[in-house]
Amino acid sequence: MKHAGDSGFFKKIALKTILALVCALIVYPSLPVNYFVVSHRDKVILASPIPNAYPFFTTYIHSLQLTPVIDDYRFVNGRIWGWEEWTQSHNAGLPSVPSPHSKLIMSSPWMIYRGGRNAADIINYKVGDARFGRNLWRLAPWDTINIFKVYPKFRMEFRVSTVPFKNATVEGFDMIHGMPDMSRVFSM
């Protein structure tokens with residue numbers, strides 16, 4: 001006759017827990033992740049695995065009118081999506097009418113274009129200098145990167161793909177900033 005406190009129940013729970021952990025250790029390295037690479041002439045500047053819907057912000061000063069612009073990108077299923085664009089003017093080629101699938105929000109002094117369904121695997125990006133551009137990048141958990149000071153007038157390529165987690169190495173951030181606590185990135 002078995003009693004309520006019999007150790008057979010706990011043995012089954014412990015066995016199932018150990019089995020789940022072993023399966024996770026086998027499968028986890030092969031799970032697909034977004035992999036974000038910034039390069040210049042095939043030289044990797046920055047590279048990192050990125051969780052789905054994770055934000056990446058670029059800020060720059062546009063045109064002779066010196067209009068600030070903030071672009072909010074999101075990484076989704078191996079593509080980079082233009083999520084929002086914040087601007088204070090429509091002059092010199094900045095958007096003035098929302099696309100059919102986006103929304104214009106007025107929030108003084110900003111005009112915010114949200115949505116639009118624009119996604120790409122690759123975005124070509126031109127870095128300015130201290131006079132025109134003053135490009136900043138924000139990719140948490142790293143501090144804001146004054147990219148115009150490190151790579152003035154460079155043409156860069158933002159590339160996003162899906163790779164197995166074991167192949168998604170972190171590169172380049174130590175050249176611009178110290179390495180952050182990566183547990184913040186992978187806990188999201």
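Student: Why is Asp 129 called buried?
Tutor: Buried means a relative accessible area under 20%, exposed means over 50%, and partly exposed lies in between (1.4 Å probe, protein chains only). Asp 129 has 18%, so Asp 129 falls in the buried class. Before we go on: this is a predicted model, in which local features need pLDDT of at least 70 and side-chain atom pairs pLDDT 80 or more, while totals for chains, interfaces and linings use all residues. Residues are numbered from 1 along each chain as its sequence is written, and side-chain values use heavy atoms, without hydrogens or water.

Student: Which class does Lys 153 belong to, buried or exposed?
Tutor: Lys 153 reaches 55%, so Lys 153 is exposed.

Student: What makes Asp 129 and Lys 153 a salt bridge?
Tutor: The term asks for a side-chain nitrogen of Lys or Arg within 4 Å of a carboxyl oxygen of Asp or Glu. For Asp 129 and Lys 153, the closest N and O atoms are 3.5 Å apart, so the pair meets the definition. Asp 129 sits in the loop between β9 and β10 and Lys 153 in the loop between α2 (147–150) and β11, so parts 24 residues apart in sequence are tied together. Those labels are DSSP runs numbered from the N terminus: helices (H or I) need at least four residues, strands (E) at least two.

Student: How many salt bridges are found in the whole structure?
Tutor: A search finds five. One of them joins Arg 79 and Asp 121, with closest N and O atoms 3.2 Å apart. Arg 79 belongs to strand β5 (residues 79–87), and Asp 121 to the loop between β8 (119–120) and β9, 42 residues away.

Student: How do you know which accessibility class Arg 79 and Asp 121 belong to?
Tutor: Set their values against the cut-offs: Arg 79 has 31%, so Arg 79 is partly exposed. Asp 121 has 39% and is likewise partly exposed.

Student: Why are β2 and β9 called edge strands?
Tutor: An open sheet of four antiparallel strands has the order β2-β1-β11-β9. β2 (43–50) and β9 (122–126) each have a single partner strand, so one side of each is left without a neighbour in the sheet.

Student: How do you know that β1 and β11 pair?
Tutor: Pairing takes at least two bridges found by DSSP. Strand β1 (residues 32–40) and strand β11 (residues 155–164) have eight, in the antiparallel sense, so they count as a pair. Val 38 stands opposite Phe 158 in β11.
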